[in-house]
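Q: Hi! Could you walk me through this one? I'm new to reading structures.

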Amino acid sequence: MSRFLKSGLLCAGAALVALPAIAQSSGLGRAALPEEVAAWDIDIRPDGAGLPDGSGDVWTGEELYEAQCAHCHGTFGEGMGSWPMLAGGQGSLTHEHPQKTIGSYWPYLSTVWDYVNRAMPYGAAQSLTPDEVYAITAYLMYLNDLVDDDFELSRDNFGDIRLPNEDGFYLDDRVALEWPVFTQAPCMSDCKPDVQVTMRAAVLDVTPDDPTADARRAQARAMAAASGGGDAAASTPEVEPDEEASAAHSPELIAQGESLYRACRSCHQVGDGARNSVGPVLNGILGRVAGRVEGFRYSPALTGAGDAGLIWTEDTVSDFIADPRGYLPRNRMSYAGLRDADERRALVAYLSTYSE
Amino acid sequence: MSEELTGGASAGGSGATNRRGFLRGAGLAGAGLVVGTGAVRAASPDPLITDVQPWAQFLGDGVDAAPYGKPSRHEAHVIRRNVEWLTADTSSSVNFTPIHELDGIITPNGVCFERHHAGVADIAPQDYRLMINGLVDRELVFTLQDLLRLPRENHVYFLECAANSGMEWRGAQLNGAQFTHGMIHNCMYTGVTLRTLLNEAGVKPQGSWLLAEGADASAMSRSIPMEKALDDCMIAFKMNGEALRPEQGYPVRLIVPGWEGNMWVKWLRRLEVGDAPWHHREETSKYTDLLADGRARRFTWEMHAKSVITNPSPQAPILHGHGPTVITGLAWSGVGKIARVDVSLDGGRNWAQARLSGPSFDKSLHRFYFEFDWDGRDLLLQSRAIDEAGYVQPTKSALRDFRGVSSVYHNNGIQTWHVHSNGEAENVEVS
């Protein structure tokens, strides 16, 4: 329980205590006119407070959604690229890569109505009529298998609707649960027997470019090489360029990979002028977030994996092509898998030569 | 600020004694290992001294060459940076404060990180309106001029995005303090408390919640309990002495001290008093903390104690070789002041107390330093903040034990930088 809520905030009358007789008002400002309040007071609450009159059905919502929403959120609410996924993901909240959608995660339908009305479509906010917002909300319920296609949503039936995960939330209990552990006196010496590095960010290599940092790192390496760790003040070393990671692969390995790549060519293009076809273009795949090639329509499984942080590295690509369906269930790549680890290494080495 | 004012408050005896014992324990000190502390004899005279330099001979720019001054052109690399793969579009995205380039506790306005949901609203001051409505005696509209006639206060507060370090839940991912910890800034705000402002409208007895809403194209909205609103929240029109930057909510933003940055609604247009929370998108779909069992915490507003070593760090390696070395970093707590910061050179096996320097304000960044003689061996640098409530910044694994790895938000675990013998630093996790 949050320390604030625990202190009695939610009890009726708490505000009376919190607001002692304070100074008189200054008389600054002016009375808000009813029309002005109506124009800005657009918020909706879970109990339906704030909803305007109106209604909209699934079919109307589908037309509106296709025209105004699908280019970001996908035809089925699966989310294009990094845009939010709105449908599916039921049962995924305990998975390694949970998909938090209206049907799987959001607690209240009022949130959908309120957000579509106040902020959508992206770049043309507050351009929808109340009936249109009802219709789009109804369609989003349909995409999440919450209603049939003959459903019409209105202010009258809004209060009857519950989202599946309404009870999946509870008040912040960090103070009650975690603080007894996190307020113990800290150890100062010999706190653990041995310290090992268990993970390095450099393995993922997803850090954005920072030329200044690159130059400094090169300087550190050059200084160490020049001085053998000696007196730094005496030397002013040259800055050396960073070496490319792909230089680590032998030409033989890359050539072997090129030959193996023929099995991929029917679906994937790579190199100059490569375009998306059955599968996404593979230029620059290493270091990229999964499911992020612009203009390619991925399965929800793949974009979801990207949302959850899957980065294509030499290791993850290798693991994926070993057994695509096993690695990422319900993805659409129809490829049985490349079982030989050395062949996978060669294929990945070949792909590593096509950075963007 | 003198050491007497900042150095002596914490328990455990004098910092110098602690540090010496600590270094001995970690095997890093001893006279034979300390290198390069004495003056170095130059091989030949330095031409920067013996030759007359152009800046010492010719006239430089006059006044008004830059009516609004910018940093030196030699500091052009001190910029906010984004992580392009994180988001689909820069208008609904985030960039990061270059904390590895800064010192002291105040973040310069031009490098305070940005987080927008529909881009930067461009509002002329004469077009600004603030409405207070709902469960109040008088529904009111204020102009900016009206707000400037109310009593003002100045406070220094940090703003940390709830998702700061959020990319690190599953393990070390980004190589740079800017990217792992840069969704934070610390400014002095000038403005009017909500207590003063709400008193103008008169909150009705049943008014227990406040909805804050922005004027931007996302109409950002958050529910805030009335007790917090009346405790220390304020609206601000100045940051670090000048008008809010457009990207920070010009002309008026909400200040919610110690609580997650998303609640600090920018381009604030409306405050509505109600009797229940609204459960809007940014407090349901987002900014709720999914735990391993599939359930989620809501209303996790408070930012708990956290720290990070900003130098050295992956973007700022040690470039001076062995000898006297300064470790510095930032610590903060949404609960109050920082009481103490500890530093470890060996991945958390042994700890020594760092030295706090600079003013110590409630819910503000604190600056710490730790000076030692580096002998060139590998370091696993960590810092650990302890706030005045006695909360000790936990390890990442201790956090994961409670929360799993899908929380996204509120990752305040201890950061480790592996400093190699050549001075390069890398983001790692340790056992």
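A: Happy to! One term to start with: a residue is buried if 20 or more other C-beta atoms lie within 10 Å of its own, exposed if 12 or fewer, and partly exposed in between, with C-beta atoms placed from the backbone. This is a predicted model, where local features need pLDDT of at least 70, side-chain atom pairs count only at pLDDT 80 or more, and totals for chains, interfaces and linings use all residues. Residues are numbered from 1 along each chain as its sequence is written, while chains are lettered from A and ligands numbered from 1 in the order in which they are written.

Q: Which other residue has a positive phi although it is not a glycine?
A: Val408(B), with a phi of about 65°. Val408(B) sits in the loop between α9 (396-403) and β23 (416-419) of chain B. Val408(B) counts as partly exposed because it has 19 C-beta neighbours inside 10 Å.

Q: New topic: where are the cis peptide bonds?
A: One joins Met120(A) and Pro121(A), with omega about -5°. Pro121(A) is in the loop between α6 (109-119) and α7 (130-143) of chain A. Another joins Tyr250(B) and Pro251(B), with omega about 5°. Pro251(B) lies in the loop between β11 (242-243) and β12 (253-255) of chain B.

Q: What's the mean pLDDT of chain B?
A: It is 92, and 91% of the residues of chain B reach 70 or more. Here pLDDT is the predictor's confidence in each residue, from 0 to 100. Over residues 1-21 of chain B, though, the pLDDT is below 50, and this stretch has 20 contacts in the model beyond near neighbours in sequence. A contact means that the C-beta atoms of two residues, placed from the backbone, lie within 7 Å. Where pLDDT is low, the predicted coordinates should not be read in detail.

Q: Good to know. What ipTM does the predictor give the complex?
A: The ipTM is 0.89, and the pTM is 0.79.

Q: How many residues does the contact take from chain B and from chain A?
A: It takes 104 residues from chain B and 94 residues from chain A. On the chain B side, strand β24 (residues 425-430) gives the most, with five residues.

Q: Which strands of chain A and chain B pair?
A: Strand β1 (residues 30-31) of chain A pairs with strand β5 (residues 140-142) of chain B in the antiparallel sense, over two bridges. Strands pair if DSSP finds at least two bridges between them. The bridge partner of Arg30(A) in β5(B) is Val141(B).

Q: And what about the open sheet of three strands?
A: Its order is β1-β2-β3 (chain B), with antiparallel pairing. The edge strands, β1 (81-82) and β3 (115-116) of chain B, each pair on one side only. Two bridges join β1(B) to β2 (residues 93-96) of chain B, and Arg81(B) stands opposite Phe96(B) in β2(B).

Methods:
Helices (H or I, at least four residues) and strands (E, at least two) are DSSP runs, numbered from the N terminus.
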